[in-house]
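This report describes the fold, the helix packing, the chain contact and the backbone geometry of the structure shown below.

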Amino acid sequence: MTDASVSFWAKLRRGVELVYAALREIFDEAAYDRFLLRHETASSCAAYAAFRRETETAKARRPRCC
Amino acid sequence: MPKWTRTLIWLAVAGLGAFALATIALRRGESINAMWLVLAAFCSYALGYRFYSRFIALKVMGLDSRRATPAERLDDGRDFIPTNKWVVFGHHFAAIAGPGPLVGPVLAAQFGYLPGTLWIIIGALLGGCVQDFVILVCSVRRDGKSLTEMARQEVGKTGGFVAYVAVISIIVILLAAVAFVVVNALRASPWGTFTIAMTIPIALLMGVYLRHVRPGKVLETSAIGFALTMLAIFGGQWVSQTPSWAAAFTLSGAALTVIIIVYGFAASALPVWLLLAPRDYLSTFVKLGTIASLALGIFAVSPQLHMPALTQFIDGTGPVFAGKIFPFAFITIACGAVSGFHALISSGTTPKLIMRETETRLVGYGAMMAESSVAVMAMIAACVLDPGVYFAISSPAGIVGAAPAAAAATISGWGYAVTADQMAALACAVGETTLFNRTGGAPTFAVGMAQIFASSLGGQAVMAIWYHFAIMFEALFILTVLDAGTRVGRFMLQDALGHFWKPLGRTSWYPSILLTSGMVVAMWGYFLWEAVGDPYGGINSLWPLFGISNQLLAAVALCVATTIIVKSGRARHMWVTLVPLLWLVTVTFTAAFQKVFDANPRLGFWAHANLLQGQLAANPARTELSRLIFNDRLDAVVTAVLVSLVAVVVLEAAAVWWRVITGRTPAQVREAPFVESHYEKEAA
């Protein structure tokens, strides 16, 4: 493969990774990962319930735009 | 790349954009391809972003990548998180994109495609993007403070109070307006009603899956929910074709109104996480997917626009809503061009995620350009319809007549040929009993979108599926806006009432939750109920009211932005926010004046109340007129109060500018102290 094609695929991969990261942020998956890291715990039903409790008030105060 | 090559490229972009704009502006009497609108928009966005936003970033706001953002300084892994700029862009766009940029352009298409398209492009580049960008920068430099806090600190106590009242008012009117769109989309539509009803068990299933089967896997759960929702759309077709089921899901406007009001109250007052959070994710998933699909569909089909550039209704006699092109085209399209609501998002979550100050340009200015492009797509979806079909769907029975033949004759009389048979065939193709008098914008947008999709995928055979997919998308998303907005309004009310009696401010005290939820729901529920019973179709009074309040909030945001620019010693650049502010003040104050005092009963609330008063005096047995008279007077008072409050803020802000410019007050802003960014140090 030429340098140009390698660079193209690398850029494409980076683009897909960024879209995926944005989706994980929008859908709170990244926030859940950070919660697990902060509390040094593994994902479980109890951990997710605790995460929801923690974020619920902040999310409820967040307006949705028109 | 050498400088002369870049110059040539930008000259080519400018030339292409100018040619596209000239094409859409000067063609008369022949249909044009939608790609001209897309080309004009994208060339303008490219130029606006490259040159104007750069000027604002460097000269007006003086962005400095060495200054640490609150996400870096206060990083707590929860609210303040340094995040990649493209991820913040996606997050911000998902928060600002709602039903507004889809509905507003569809309604404004009654003037033709030209006025709305020009306003969407120019208004966004010189107004909306500037507002979102500058407010985001201001909030980033103040540790993520909200618009109301910044208004109180920089403009004055009155400014803070008015911003608060404006936010509450816009939330109430917004919720009523969008709820009305849902009522009119689902009215007498068993297919649509069934699909939306099915999202309740689907969301509950998603909630259980998310909590107990695959904790935290929201994307995967949303994909499953989306697949089930598509199945519900197919199921809806069966329901609509089975008489007993169809009867059960055929609801009147009044019944749907009651259901939506009860839903709004329950969503705000009851701990129903299992339903609301998964449905919120599902609606975001569907929204992002639909916007992307619509963009792909328009590029794939390159449809012709059948709506003329300008219609005769620029004179104010339009059937969709009353009022001349100025100021009403600029009020009707708010979210796609300038939306005050965005200032709440720009001073909410987003500033707490920005990693470098210079990235606010992409997020603030860039995301609003993306929103504006969604509005251009909505305009295209409305204008691909035959004008006769567009007016048949969007006009209320009070204007064109309730009987299909009468409505078709009235619309054809305006020069837009349509027949009752043609509309019956179209209704049959999309799986509805009728498409006449479906005001509100959602059904019109859904038919346009279905036509575009059906042209590229599946043909006429799947037109009904695409139509109901579009209706489902809009209704689902609007219901999410409704429950989130009711909760936000409840919290704001609790904060305010807490000043009078502390227990009312406790967000976990149940009597307070019930009381404030009830108050918020009663406020928007009243406006909704009023609109459903409006003989002129409801949208005629509600949408302008929403546009006025939304853009008055934008005026407040631009006042705050101008004050900060002046106080930061850059008064020579204050025109950047002052020009859109003056435009918005002119437009909203003119619209408000006309809505209250115009002598035409279709336009002026007061004139309509007087007309009804005369009818009541002639026939006292018609007691229902008393309610309509009260509603008109209430609308007039609400409009007048909002305008007066914003006038106070503008005057208070102008006094601050005068004092600073004349040297009576030192130019001083209340920013967080400068701390050098580690990211920049590491990069260096």
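**Basis of the description**

Helices and strands are DSSP runs numbered from the N terminus, a helix having at least four residues (H or I) and a strand at least two (E). On that basis B:A188 is placed in the loop between α8 and α9 of chain B. The model is predicted.

**Overall form of chain B**

Chain B contains 28 helices and 2 strands. Its C-alpha trace spans about 70 × 65 × 60 Å along the principal axes.

Of the 684 residues of chain B, 58% count as buried. Among contacts in chain B between residues at least 6 apart in sequence, 81% link residues at least 24 apart.

**Packing of α8 and α24 in chain B**

Two packed helices are described by the angle between their axes and the distance between the axes. For helix α8 (residues 157-186) and helix α24 (residues 539-567) of chain B, the axes come within 9 Å and cross at roughly 150 degrees. Because angles over 145 degrees count as roughly antiparallel, α8(B) is roughly antiparallel to α24(B). Their crossing is left-handed.

On the α8(B) side, the residues in contact include B:V162, B:A166, B:I170, B:I173 and B:F180. Those they meet in α24(B) include B:L542, B:W543, B:F546, B:N550 and B:L553. By class, the contact of α8(B) with α24(B) has 18 nonpolar, 3 polar and no charged residues.

**Packing of α13 and α22 in chain B**

The axes of α13(B) and α22(B) are 9 Å apart, and the helices pack at an angle of about 135 degrees. This angle makes α13(B) oblique to α22(B). The crossing of α13(B) with α22(B) is left-handed.

In α13(B), B:L276, B:R279, B:D280, B:S283, B:V286, B:K287 and B:T290 meet B:F473, B:L476, B:F477, B:T480 and B:D483 in α22(B). The contact of α13(B) with α22(B) comprises 5 nonpolar, 3 polar and 4 charged residues.

**Contact between the chains**

Chain B gives 43 residues to the contact, and chain A gives 29 residues. At least two residues of the side of chain B that touches chain A come from each of α4 (85-96), α8, α9 (190-213), α10 (218-241), α13 (273-301), α15 (341-346) and α22 (463-497) of chain B. That side of chain B consists of 22 nonpolar, 18 polar and 3 charged residues.

**Backbone geometry**

Most residues other than glycine have a negative phi, and most peptide bonds are trans. In chain B, the peptide bond from B:F326 to B:P327 is cis, with omega near 10 degrees. B:P327 belongs to helix α14 (residues 325-332) of chain B.

A:D28, a residue other than glycine, has a positive phi near 65 degrees. A:D28 is in the loop between α1 (3-26) and α2 (29-38) of chain A, and A:D28 counts as buried because it has 20 C-beta neighbours inside 10 Å. B:A188, also not a glycine, has a positive phi of about 55 degrees. With 17 C-beta neighbours inside 10 Å, B:A188 counts as partly exposed.

Note on methods. Residues numbered from 1 in each chain as written. Chains lettered and ligands numbered in written order. Predicted model: local features only at pLDDT ≥ 70, side-chain atom pairs only at ≥ 80, totals over all residues. Axes fitted to C-alpha atoms, helices over the stretch in contact; angles between N-to-C directions. Parallel < 35°, antiparallel > 145°, perpendicular 65-115°, else oblique. Left-handed = near helix turned anticlockwise from the far one by under 90°. Contact = placed C-beta atoms within 7 Å. Nonpolar A, V, L, I, M, F, W, Y, C, P; charged D, E, K, R; others polar. Buried ≥ 20, exposed ≤ 12 C-beta atoms within 10 Å, placed from the backbone.
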